[in-house]
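The following exercises concern a single structure. Each task is followed by a solution in steps.

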Amino acid sequence: MNKISTKVAICFFIVVLIMESFLMYYLHQSIINNRVEEEFSLLLANGANHRDVLIENYSDTTIQHIVLMEKNKNREVMITDKTGSIISSSDKSYMLQEEYQLLISNLDQQKDKIIVSDWRNSSYIVSAHPYIVDENQFGYVLMFQSTNSINQLVDNMNMHFVIAGIISFIVLFIVYALLSKILTRPLIRMKEATEKLSKGDFKVSLSYLGNDELGELSRSIQKLANDLERLKNERNEFLASIAHELSTPLTYLIGYSKVAMRKGLSEEERKHYLEIIDEESNRMKDLVKNLLDLARMDETSFTVSKEYFWASSFLENICKLVMPSYEVKKIRLNLVCENDFQIYADSIRLEQIVLNLLDNALKYSNENSKVTLEAYKKDEKTIISVIDTGIGIPPDEIEFIFDKLYRVEKSRSRTYGGSGIGLAVVKELVEAHGGTIEVKSKLGKGSTFKIVI
Ligand SMILES: Nc1ncnc2c1ncn2[C@@H]1O[C@H](COP(=O)(O)OP(=O)(O)OP(=O)(O)O)[C@@H](O)[C@H]1O
Ligand SMILES: [Mg+2]
């Protein structure tokens, strides 16, 4: 009873039943009415015919002839005279005599008429046809039509209608079976699949992929399962990468701190090892800070609070901040912001974005090269580009550089000191602003990162 197909089948059945009842009732009535009308007009036509013959040639022979004509038919004829007595009748069993006595009172009309029309309850329908030959000779030609044939037709029809009803039931059961196959089975599979998902088993395979709503639902669940499976794998990979990322500097820290603790080291040697320890600790601190940022961004609570601020002063401050490290590597940093304009963004987050891009430009550029920070306004949007002439990114790696912990050539990271989090943070931040980031790069020639917010 709880099956959706049963509910649909019951609704379907009730609708079909109501429609069928109306149709059958209408059909039943109209067929019977037509048939009865036909019988009435045939009877009237025959009676009128006999009456006309009688008027034209009134004689005993004609009367006998008329009576003879109705022999062996489902009809009887009876001819009466002016006193109301029966002159002749085709009914040799005299069964109609009694019936006739009941009808005498109705025989006062001047026109042909059906005087007994109740075909359901009486065994005959009767028509009366007045005839007048002259003042002395007048009376009625009465026609009796047995109602057997009409009743037989009704019985036949009732039987056919019962058969139609049974066929409807059978069709209904076939529909029910089909509905349960088409509707219920995929639903049950989907229910089982979602139960599996809720238990953390994401290996789900749904086969029903029709083009209807069920197919769409099925595809959505399959996509959800695939996404969850992918996320689970990504999470595991991500955790493994973090563990790896943290263990590498930790190994250095442990190794170099042991070396630094050794007795008999010169002050200079000890300073060198402590510097390495300091550098690695800072790297770890940055990594953990970036990871925390990313984790916070994944939470729904993360919001950007936008405000208006001037572009040139904002970017000049950033340049001042990074200038010392650029000078160490002898890289020129150019700021191009010709027409000052107002930016509408979260200034702290935007600073984080630009700092990350400038940090990359510095890290992945060779000494004595040039980096340009360019900003302008176009169609109410702020466009900020960081253009370097550094080592570039291989074309087949560009699509991955925004992934968490992704680095081009893992060996680069030791040389350049990256952990592959910066651009993932940048992308999340730009998207949180409702903006976009794109990159163009040529290996060995340089890269351009352009953000539009
Ligand atoms: N301007 C650039 N020129 C060449 N390669 C770049 C540039 N910016 C990023 N990349 C490549 O993309 C990778 C991902 O950059 P991302 O900033 O996410 O990580 P990272 O710089 O290695 O580490 P982090 O920024 O977390 O310290 C880098 O490892 C680097 O190989
Ligand atoms: Mg970086």
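**Exercise 1. Identify the salt-bridge partner of Arg 51 and characterise both residues.**

Solution. Step 1: Arg 51 pairs with Asp 112, and 2.7 Å separate the closest N and O atoms. A salt bridge here is a side-chain nitrogen of Lys or Arg within 4 Å of a carboxyl oxygen of Asp or Glu.

Step 1: Arg 51 belongs to helix 1, while Asp 112 sits in the loop between helix 3 (95-103) and strand 3 (113-116), so the contact ties together parts 61 residues apart in sequence. Helices (H or I, at least four residues) and strands (E, at least two) are DSSP runs, numbered from the N terminus.

Step 2: Arg 51 is buried at a relative accessible area of 13%, whereas Asp 112, at 28%, is partly exposed. Buried denotes under 20% relative accessible area, exposed over 50%, and partly exposed the range in between (1.4 Å probe, protein chains only).

The model is predicted: local features need pLDDT of at least 70, side-chain atom pairs count only at pLDDT 80 or more, and totals for chains, interfaces and linings use all residues. Residues are numbered from 1 along each chain as its sequence is written, chains are lettered from A and ligands numbered from 1 in the order in which they are written, and side-chain values use heavy atoms, with hydrogens and water left out.

**Exercise 2. Determine how many salt bridges the whole structure contains, and examine the pairs formed by Lys 427 and Asp 227.**

Solution. Step 1: A search of the whole structure returns 14 salt bridges.

Step 1: Lys 427 bonds to Glu 431 with closest N and O atoms 3.2 Å apart. These two residues are four apart in helix 10 (residues 422-432), about one helical turn. Lys 427 is partly exposed at 29%, as is Glu 431 at 45%.

Step 2: Shared partners link Lys 223, Asp 227, Arg 230 and Glu 234 into one network of salt bridges. Within this network, Asp 227 and Arg 230 have their closest N and O atoms 3.7 Å apart. Both lie in helix 5 (residues 213-261), three residues apart, about one turn of the helix. Asp 227 has a relative accessible area of 24% and is partly exposed; Arg 230 is partly exposed at 42%.

**Exercise 3. Describe the surface patches that include Lys 3 and Ile 174.**

Solution. Step 1: Lys 3, Lys 181, Arg 185 and Arg 189 make up a positively charged surface patch. Lys 3 lies in the segment before helix 1 (4-56) and is partly exposed at 41%.

Step 1: Ile 174 is located in helix 4 and is partly exposed at 48%.

Step 2: Patch members have over 30% relative accessible area and no salt bridge; like charges are joined within 9 Å, and nonpolar side chains (Val, Leu, Ile, Met, Phe, Trp, Tyr) within 5 Å.

**Exercise 4. State how far apart Ala 164 and Met 24 are in space, and how far apart the centres of domain 1 and domain 2 are.**

Solution. Step 1: Ala 164 occurs in helix 4 (residues 148-198) and is partly exposed at 28%. From C-alpha to C-alpha, Ala 164 and Met 24 are 9.4 Å apart, although 140 residues apart in sequence.

Step 1: The domain assignment gives domain 1 (4-153), domain 2 (213-295) and domain 3 (303-452), with bounds from an automatic or database assignment. Taken over C-alpha atoms, the centres of domain 1 and domain 2 are 105 Å apart.

Conventions: Accessible areas come from the Shrake-Rupley method with a 1.4 Å probe; for residues, only the protein chains shown count as cover. Lys and Arg count as positive and Asp and Glu as negative; His and the chain ends are not counted. The place of a charge is taken as NZ of Lys, CZ of Arg, CG of Asp or CD of Glu.
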